Amino acid sequence: MPARGRFQGFSLVELLVIIGIIAVLTAILMPVLMNSRRAAQRTVCISNLRQIGLAVRMYRDDYQELPPYLSAVRVYAGDLRLFVCPIDPLEGKHQVRDTLGDSFRLEGDFYLPSGVSYTYVPNWAIARLLGWWQAGPPYGEGKWSELTPLSECHWHWARQFNPTWQTDRISGARGWVLILTLNGAVRRVRAEPPPDEFTPERYY
Ligand SMILES: [Zn+2]
């Protein structure tokens with residue numbers, strides 16, 4: 001007799017095997033997908049910082065000094081989304097004050113309601129103590145002139161802004177800080193070294 005109705009669906013063992021194969025494939029593919037997503041986000045961030053760098057240079061050409069805070073260059077930047085890093089968990093809407101200074105290192109949404117993810121190194125009290133920047137504006141030329149850090153994105157290693165990050169090593173810090181320098185280039189440094197050990201030789 002032909003085996004009518006012989007196909008009864010999958011047996012339990014077959015189902016378990018299929019589920020197992022799917023689980024293994026997912027485990028293999030997830031890190032790859034996550035990595036490519038983070039790489040894409042990093043690319044957007046680097047592009048943001050480069051365009052902000054251009055805007056800062058235009059501002060400096062017009063006013064002969066650096067801006068008092070980062071989003072002061074927004075009319076030169078055009079798209080306000082440039083100020084937000086895609087990894088920033090609060091999308092730039094931070095309320096943080098540099099605890100050692102009287103100006104904002106990370107302005108958040110204080111000046112620009114749509115938010116700013118990036119810090120402004122000339123306003124960072126540590127950067128002034130270490131002589132990277134004079135108090136300003138005009139802030140001077142910067143300790144390493146065109147290679148002096150101007151802005152940074154640290155959301156690629158940190159989930160929270162650390163306003164007191166200074167001479168101590170940041171516990172558990174792993175990853176990269178993206179740094180916009182005064183000449184408009186975007187470089188990166190490892191998050192581990194404390195700022196007082198920073199020199200442009202640490203750029204990658
Ligand atoms: Zn970023």
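Tutor: A word to start with: a residue is called buried when its relative accessible area is under 20%, and exposed when that area is over 50%. Keep in mind too that this is a predicted model.

Student: With that in hand, does Cys45 count as buried or exposed?
Tutor: The relative accessibility of Cys45 is 0%. The cut-off for a buried residue is under 20%. Cys45 therefore counts as buried.

Student: What share of the residues in the protein is buried?
Tutor: The protein has 204 residues. Among them, the buried residues make up 42%.

Student: Which pattern do the helices and strands follow along the sequence?
Tutor: The protein has 3 helices and 4 strands. Read along the sequence, they give the pattern α-α-β-α-β-β-β.

Student: In what order do the strands lie in the sheet?
Tutor: Start from the edges: β1 (119–120) and β4 (186–190) each pair on one side only. The sheet is open and its pairing is antiparallel. Its 4 strands come in the order β1-β2-β3-β4.

Student: Which residue in β3 stands opposite Cys153?
Tutor: Look at β2 (residues 149–153) and β3 (residues 176–181), which pair in the antiparallel sense over 4 bridges. Cys153 is buried, with a relative accessible area of 0%. The residue opposite Cys153 in β3 is Leu178.

Student: Which strands does helix α1 touch?
Tutor: Helix α1 covers residues 12–63 and packs on the sheet. Its direction makes about 25° with that of β3. The strands that α1 touches are β2, β3 and β4.

Student: Which residue takes a positive phi in the hairpin of β3 and β4?
Tutor: These two strands pair in the antiparallel sense over 5 bridges, and Leu180 stands opposite Val186 in β4. The hairpin has 4 residues between the strands. The positive phi there, near 95°, belongs to Gly184.

Student: Which side chain makes a polar contact with the side chain of Arg105?
Tutor: Find Arg105 in the loop between α2 (74–77) and β1. Arg105 has 0% relative accessibility, so Arg105 counts as buried. Its side chain makes a polar contact of 2.6 Å, and the partner is the side chain of Glu152.

Student: Why does Tyr203 count as buried?
Tutor: Tyr203 sits in the segment after β4. The cut-off to compare with is under 20% relative accessible area. Tyr203 is buried because its relative accessible area is 11%.

Student: Which backbone oxygen lies 2.7 Å from a polar atom of the side chain of Tyr203?
Tutor: Tyr203 touches several residues beyond four places away in sequence, including Pro149, Ile179, Arg188, Phe198 and Leu147. One of these supplies the oxygen you ask about: the backbone oxygen of Leu147.

Student: What distance separates the C-alpha atoms of Tyr203 and Val177?
Tutor: Along the chain, Tyr203 and Val177 are 26 residues apart. Their C-alpha atoms are separated by 9.9 Å.

Student: What share of the accessible surface belongs to carbon and sulfur atoms?
Tutor: The accessible surface of the protein comes to about 11,700 Å². The part belonging to carbon and sulfur atoms is 57%.

Key: Residues numbered from 1 in each chain as written. Predicted model: local features only at pLDDT ≥ 70, side-chain atom pairs only at ≥ 80, totals over all residues. Heavy atoms only, no water. Pairing = 2+ DSSP bridges. Contact = heavy atoms within 4.5 Å. Axes fitted to C-alpha atoms, helices over the stretch in contact; angles between N-to-C directions. Buried < 20%, exposed > 50% of the residue type's maximum accessible area, 1.4 Å probe, protein only. Polar contact = N/O pair within 3.5 Å; in protein donor to acceptor, adjacent residues only side chain to side chain. Areas by Shrake-Rupley, 256 points an atom, 1.4 Å probe, with all protein chains shown as cover.
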